[in-house]
Amino acid sequence: MTDQRQSVPVGTPAAPGQVRPERPRAAPAAVRVAGGRWRDDLRAVEVVWKRELIRFSRNRLRIVTSLVQPVLFLFVLGTGLSSLVAKGLPAGSGVSFRTFMFPGVVAMTVLFTAIFSSVSIVWDREFGFLREMLVAPVRRGALVAGKCAGGATVATIQALIMLVLCGLVDVPYSPTLLLTLAGEMLLAAVTVTALGTALASRMAQVESFQVVMQFVVLPLFFLSGALFPVHGLPTWLSVLTRLDPLAYIVDPMRRAVFAHVHTTPAVARTFGATLSWGSFHLPVGLELGVTAAFGALMLALAVWAFARTE
Amino acid sequence: MVGAGDGGVATEAPSAIDVHELARRFGDLDAVRGVSFEVRAGETFGFLGPNGAGKSTTISMLCTLLAPTSGRALVAGFDVAAQRAEVRKRIGLVFQDTTLDDYLTATENLRFHAELYGVPRAQAAERLRAVLEMVGLWGRRDSLVRTFSGGMKRRLEIARGLLHSPRVLFLDEPTVGLDPQTRAHIWSYINDLRRRESITMFLTTHYMDEAEHCDRIAIIDEGRIVVIDTPEALKASVGRDRVQLQTADPRAAIEALERHFGLEATMSEGAVTVYVASGEQFVPRLFAELDVAISAVSIARPTLDDVFMNYTGRTIRDAEASSSERMAGSMWMRAARRR
């Protein structure tokens, strides 16, 4: 089919009453919308990702307020509970309860920031901008990918800020530890953003966000082992924690931290213990694999759900 | 004016929009009941009708946002159901509700659009400047959109709709919710655009005065096109202008009108009223031949209100009242069924 485009550029506005000169035909020719489909989709991914970063960088208040909650958990709750768990963490063991909580709180930061970023799709829908994206001649998958990349980047940056606090909770600033944590944070961020995007594609109103917070995010957080060790629990709770995909990323992060602190074998046994299925202790690789698999599933779900959004 | 394009095989300038028996049904509601029309390249075509007449449903189908239940529509030569991506590349959209990101600047909103629509980066900056200048927002390009007024946002959306040089620009109620002054402003931009871009425009409106700006209008009521023609022809089809005279002696005037012109005059709103085919040709004769002193004359043209009334037997406001009942009833039924 021939594509006859109107190659007429928009000229500069002529002053009222003035005779407009004939437009030069050569000057900025009307743009040609074409090119490989993949290249177009990649540009879409990139620009959707960039938009998330622009919005994040412009909202300094959000960056600061997002730090309040983890800091409260770490230093108020962490310190408050320290006296209760003093028996398991005797003085001179080299770590405090805050050391134990630290990876959990970093994971919490990732969780909340990533969910908030991805659920912003619902705000986009409310304020109409989603429509601008949905009517574009790009694949929906590209939009989802861009949104997830954006949310994951933002959540990772936010969690990286938390790593500054390592020194205050007896965690060494070891480059290998920081790199390991950063990589795991990124994986967690991608997974949670994919989950959030899948949820958001089904949400019609902003009010649904509260429902997601109460029924999805908080249970995910509390069952993840971010705040307490997940062994020696009653069976029902033990089972629930193993069903929480977030548990499979909190554990590797904690293992990384405990591999870098000097403590007594007893403390390491209690607080640095690894996630197990019955008597099977999961290797880190498997835990990361579970997280990645869950993330991939959610991503597929998000793309699928988004494809049928109008 | 159609440009040389890609240097492909030149064909007869195809119609920009070609619609055949397009229909859409929502449950029990026939929102659009088989409409057929053609919009020529470069034309400004308006859909005029009350709220709930099927205007937005039709425009949604043409923009590939809604699948037709039956019928066929080609936009820029591509099928809206089977070739959605091809259609989308070639159309610009200005929706009823704003679809801008308030937390981005005007430029950032346009850049976003340029990237999504694959505008070559080398041309994007120049094109961006051109469209922003056209709508008078170049000076505000780096302001956050949240600081813009309603009219400025609508102008920015028009600029954005043009950024990727679409062949057809769809405007769904482009001035709804704006004050009269801003509406006039938007229309001056749209008219300017018609002159300089020679773009095809398809717009919907339920404002009679806005439909006057179109080259041709389709009057749509209850999901059907009642008539399609130019505003002038539609008004002419109503027939007659209304001429009203103020005079010291109405009875003599009525009698004289009957005697000289064979017109049946009546008293209405305190004035002698006659209906004639062409008011401006009648008035000079009236002055020359009528021997009764006239103190004032007014000529009233048939408005599109009269046209709507003429073709549907009711005013657009009455039509809106009844169709909103129809919609509400059907919505309720749909909601009930979903449970």
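Student: How many helices and how many strands are there in chain A?

Tutor: This is a predicted model, in which local features need pLDDT of at least 70, side-chain atom pairs count only at pLDDT 80 or more, and totals for chains, interfaces and linings use all residues. Residues are numbered from 1 along each chain as its sequence is written, while chains are lettered from A and ligands numbered from 1 in the order in which they are written. Helices (H or I, at least four residues) and strands (E, at least two) are DSSP runs, numbered from the N terminus. For chain A they come to 11 helices and 2 strands.

Student: In what order do the elements of chain A follow one another from the N terminus?

Tutor: The chain contains 11 helices and 2 strands. Read from the N terminus on, the order is α-α-α-α-α-α-α-α-α-α-β-β-α.

Student: What percentage of the residues in chain A is buried?

Tutor: A residue is buried if 20 or more other C-beta atoms, placed from the backbone, lie within 10 Å of its own, exposed if 12 or fewer do, and partly exposed in between. Applied to the 310 residues of chain A, this gives a buried share of 43%.

Student: At what angle do the axes of α1(A) and α5(A) cross?

Tutor: Axes are lines fitted to C-alpha atoms, for helices over the stretch in contact, and angles run from 0 to 180 degrees between N-to-C directions. The crossing is right-handed, the near helix being turned clockwise from the far one by less than a right angle. The axes of α1(A), residues 37–58, and α5(A), residues 140–162, come within 7 Å and cross at roughly 35°.

Student: How many nonpolar, polar and charged residues does the contact of α1(A) with α5(A) have?

Tutor: Two residues are in contact if their C-beta atoms, placed from the backbone, lie within 7 Å. Contributors include A:Val45, A:Trp49 and A:Phe56 of α1(A), together with A:Leu143, A:Gly146 and A:Val154 of α5(A). Ala, Val, Leu, Ile, Met, Phe, Trp, Tyr, Cys and Pro count as nonpolar, Asp, Glu, Lys and Arg as charged, and the others, Gly among them, as polar. The tally is 12 nonpolar, 4 polar and 5 charged residues.

Student: Turning to chain B, how many helices and strands does its secondary structure come to?

Tutor: Of the 339 residues of chain B, 42% count as buried. The secondary structure of chain B comes to 12 helices and 14 strands.

Student: Which residue of β9(B) is the bridge partner of B:Phe47?

Tutor: Strand β3 of chain B, residues 44–48, pairs with β9(B) in the parallel sense over 4 bridges. On β10(B), which runs antiparallel to β9(B) and is joined to it by 5 bridges, B:Ile228 stands opposite B:Ala218. The bridge partner of B:Phe47 is likewise B:Ala218.

Student: Why is β9(B) largely enclosed by the rest of the structure?

Tutor: Strand β9(B) is largely enclosed because the number of its 6 residues that are buried is 5.

Student: Which residue in the turn between β9(B) and β10(B) has a positive phi?

Tutor: The two strands form a hairpin with 2 residues between them. The residue has a phi of about 50° and, with 19 C-beta neighbours inside 10 Å, counts as partly exposed. Its name is B:Glu222.

Terms used. Two strands pair if DSSP finds at least two bridges between them.
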